[in-house]
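Keep the viewer open as you read.

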Amino acid sequence: MIDAKLSDNTWYEATVDRGGLRPALTGRVEAEACVIGAGLAGLTTALELARRGKSVVLLEGRRVAWGASGRNGGFVSNGFAEGMGNVAKRVGLPAAQALYQLSRHGTEFVRREIAETDPSIRMGDGWQGCIRYSNAAEKRAAVAEMTRDYDQPMEFFDVAETRARVNTKRYFQSSYDPTAFHMHPLRYALMIAKKAEAAGARIYEMSPAVSVERQGALWSVRTATGEVRAPNVVYCVSSLDRTLHQPTGRAVLPVATYVAVTEPLQQDVIRTRSAISDTRRAGNYYRLVDEGRLLWGGAITTRVSEPARLAERMKGDMVSVFPELGNPRIDYAWAGLMGYARHFMPLIGSDGQGQWWATAFGGHGMNTTAMGGILMARAIGAKDDEYRRFAPYAPDWAGGPFGRVGVQAGYWYMQLKDRIDERRYGKAA
Ligand SMILES: Cc1cc2nc3c(=O)[nH]c(=O)nc-3n(C[C@H](O)[C@H](O)[C@H](O)COP(=O)(O)OP(=O)(O)OC[C@H]3O[C@@H](n4cnc5c(N)ncnc54)[C@H](O)[C@@H]3O)c2cc1C
């Protein structure tokens, strides 16, 4: 497991009660499945396996949802990190539609679990995606494509409608997805952990898996102080362990992204409680939370440590979009690590020998981790093979350090292209 030094001083940690630390694994235990990694992929897999009556052990190297799942933007919406246009190009429209439908099941799972147990985890509805240059035809076409090809309810807002909700001259047209919502991701993850335990799953914290070996018909998963023996092992470690299972470890690149939360603000520029993003390819995403704090995410790098002066940098991004905010105090700023495959789609599969994986959910994991967990549990628990829809997106080598350089270069290229688009179309409104 990689030794990433990520701050735990997040607004999410400050607004939950985690309760006591769960025990570390000691001695040998047996189960029908050993799931490794208690982010939302591993937690959903464990919950759904336990609900199917399977005995399951979940090993977490640090604490439940310590990774991206407990420190992300909290936007939940259908789809994947890869755009559907590219998915359809690669697999054809019918297969792309089937994948989109699976991603929708993920969104609906999250919505349902929250509604059933703790509706206060859901913090707002809808997602407005704004463009920073004027191109109504392009935005309308994107909205029409999603409605026509994927049956995705979506609205088009012109410049006046856009700015009535998000009052900045930086934005022109926008789309609005009424089926999206946003939530407190750490509270959600902790709720799923509790539900999994109530259904019979055993969760061990501070128990990084250090090796996985075949022992007859079983897999032996070892930690420093214990061992799990199971016929099935599910890798849900994202980019936080790239050696435990080599084929997926080599295929997943760690990409860091950042969030900052301001003091409670008195402001009249962000007039919606929906989630908002701007379609700078290396975009900003943000929302108002609780008593008017602005939770702002953005920037990606391939550095795994938190850059110095993160809070100042994030404030600079906020103020460049909303100069009216002045000089807001930043109360929290942190980094998180995502896992990306080269094709930007999740890696969901099996070697046919009892090793399974659900990983590489990139920057669009709130619905897709739920989907991945459900697919894993259906495959292991009921021999259902719908997970094979992801077969066109097999793990390929992501290029190691060269892959990282490629991601960073790609980001800089996207930033440059954003600036060119903004200059070319910006004055048209
Ligand atoms: C800042 C940020 C903002 C984001 N915003 C959004 C958003 O708004 N909407 C959205 O849809 N997605 C968003 N994402 C992406 C989303 O958070 C991820 O795709 C998703 O949480 C990935 O879940 P996971 O379970 O695959 O990985 P993680 O949550 O990273 O979990 C992996 C777990 O595995 C554990 N682990 C690793 N190695 C071992 C080992 N050897 N043994 C035991 N345990 C191990 C880790 O400790 C970790 O807890 C964002 C991500 C970040 C970082």
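Two strands are said to pair if DSSP finds at least two bridges between them. Helices (H or I, at least four residues) and strands (E, at least two) are DSSP runs, numbered from the N terminus. What you see is a predicted model, where local features need pLDDT of at least 70, side-chain atom pairs count only at pLDDT 80 or more, and totals for chains, interfaces and linings use all residues. Residues are numbered from 1 along each chain as its sequence is written, and side-chain values use heavy atoms, with hydrogens and water left out.

As background, strands of a sheet pair through backbone hydrogen bonds, either parallel or antiparallel. Strand 10 (residues 218-222) and strand 11 (residues 226-230) pair in the antiparallel sense, over 4 bridges.

Next, the ligand. Which residues are closest to it? They are Glu60, Ser69, Phe75, Gly362 and Met366, out of 39 residues that surround the ligand; a residue counts as near if one of its heavy atoms lies within 4 Å. By class, this shell has 20 nonpolar, 16 polar and 3 charged residues. Here Ala, Val, Leu, Ile, Met, Phe, Trp, Tyr, Cys and Pro count as nonpolar, Asp, Glu, Lys and Arg as charged, and the others, Gly among them, as polar. Strand 17 (330-340) is one of the elements that supply at least two shell residues, and its 3 residues are the largest share.

Some ligand distances are worth checking in your viewer. An N or O atom in the side chain of Glu60 is 2.5 Å from a ligand oxygen. A ligand nitrogen atom lies 2.9 Å from a backbone N or O atom of Gly61, and a polar side-chain atom of Asp241 lies 2.9 Å from a nitrogen atom of the ligand.

Finally, look at His364, in the loop between strand 19 (355-359) and helix 10 (368-382). Is this residue buried or exposed? His364 is buried, because its relative accessible area is 15% and buried means under 20% (1.4 Å probe, protein chains only). A polar atom of the His364 side chain lies 3.5 Å from the backbone oxygen of Gly79.

Note on methods
Polar contact = N/O pair within 3.5 Å; in protein donor to acceptor, adjacent residues only side chain to side chain. Buried < 20%, exposed > 50% of the residue type's maximum accessible area, 1.4 Å probe, protein only.
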